[in-house]
Structures are given as structure tokens and as C-alpha cells.
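Have a look at the sequence and the model first.

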Amino acid sequence: MNIQEIIKTIKTNESIGLSEKDITDFEKEINWHFPTDYREILMAVDGGYGKIGDFILILDLNDIIFYYEDIENLDGLIPFASDGCGIAFAFDKKAKKIVSIPMDCLERNYAKIIAVNYDDFIDRICSHKLQY
């Protein structure tokens with residue numbers, strides 16, 4: 001499934017995505033850059049849900065900012081999506097990998113590496129091979 005197919009799959013209440021400036025401003029604030037494909041999703045839809053693999057809930061930028069700024073023990077983890085059943089998926093700024101983390105205890109020590117990068121994450125979730 002390519003990025004355009006993923007975007008078409010996502011259902012959202014928002015009719016527009018984020019501007020390049022919105023994304024860049026947050027990236028500057030956190031001193032980190034989202035992967036290109038993920039930025040493309042944010043510019044098309046600011047959050048939503050869809051059947052990508054089994055199911056995925058993509059956090060909107062306000063939720064991402066909330067988790068990143070207000071949850072104390074994430075220590076460089078940036079939640080960006082959820083399985084809808086209590087597991088968050090996050091970018092790990094330190095390890096430069098994708099991790100899963102239980103949403104009821106959002107702390108780095110509960111994070112588990114599930115993909116080597118965003119492309120690997122998408123490949124694994126679309127092929128139902130994501131283990132978390």
C-alpha cells in the first residue's frame with residue numbers, strides 16, 4: 001500500500017490537513033523531523049482512522065503536541081498513532097526507530113521497538129506482520 005492509498009483510506013472529521021508551516025514549526029520546537037511519508041499524511045489529513053492493516057488511529061497534531069509536551073516520562077518518544085485498543089505507536093528520537101507503548105502507562109521503559117523506521121512500520125502494518 002503506497003502513501004496515496006493510505007491517505008485515501010483514512011477517514012477524518014477534518015476536511016483539510018496541516019500546512020507545511022504548522023508541521024515545520026513543531027519540528028523546530030522538538031528539534032526533530034517527521035519522515036517524509038508521515039508529513040504527507042499530516043498535510044492531507046490532520047488525524048483520522050482507517051483500515052491500514054487491521055486498524056489504525058492517526059493522532060492529530062494537537063494530540064501529538066499534548067503527548068510530547070505534557071506527558072513527563074516519554075523521554076524523546078513522539079506518539080503519532082494508536083491501534084485503537086490501548087497501544088500507541090511512537091517515533092523514538094533517540095533510537096531513530098518506531099516503538100509501541102501502552103497508553104495506560106506512557107513511559108519510555110515500557111516502549112518496545114517494532115520497526116526500524118516509518119517505511120518498515122507501514123510495510124509491517126499493511127501486511128499484518130506488525131508485532132507489538
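Start at Gly-50, which sits in strand 1; strands (E, at least two residues) and helices (H or I, at least four residues) are DSSP runs, numbered from the N terminus. What you see is a predicted model, where local features need pLDDT of at least 70 and side-chain atom pairs count only at pLDDT 80 or more, while totals for chains, interfaces and linings use all residues. Residues are numbered from 1 along each chain as its sequence is written, and side-chain values use heavy atoms, with hydrogens and water left out.

Is Gly-50 buried or exposed? With a relative accessible area of 4%, Gly-50 is buried; that word means under 20% relative accessible area, with exposed over 50% and partly exposed in between (1.4 Å probe, protein chains only). Leaving aside neighbours within four places in sequence, Gly-50 is in contact (heavy atoms within 4.5 Å) with Thr-9, Phe-55 and Ile-56. Lys-11 is 39 residues away from Gly-50 in sequence, yet their C-alpha atoms are 5.9 Å apart.

Now for the largest pocket, to whose lining strand 1 (48-50), strand 2 (56-58) and helix 4 (61-70) each give at least two residues. On a 1 Å grid over the protein atoms alone, a pocket is an open set of points where a 1.4 Å probe fits, with protein on both sides within 12 Å along at least five of seven lines, and lining residues have an atom within 4 Å of a point. The largest pocket's volume is about 200 Å³, counted as the space filled by probe spheres set on the points, which are joined across faces, edges and corners. Its lining has 14 residues, and those closest to the centre are Thr-12, Asp-46, Gly-47, Gly-48 and Asp-60.

Next, the rings. There are 18 aromatic pairs here: rings of Phe, Tyr and Trp (its six-membered ring) pair if their centres lie within 6.5 Å, and planes under 30 degrees apart count as stacked, over 60 as edge-to-face and the rest as tilted. Phe-34 and Phe-91 have ring centres 5.7 Å apart and planes at 55 degrees, so this pair is tilted. The two are 57 residues apart, with Phe-34 in the loop between helix 2 (20-30) and helix 3 (36-44) and Phe-91 in strand 4 (residues 87-92). Phe-34 is buried at 4% relative accessibility, and Phe-91 is buried at 2%.
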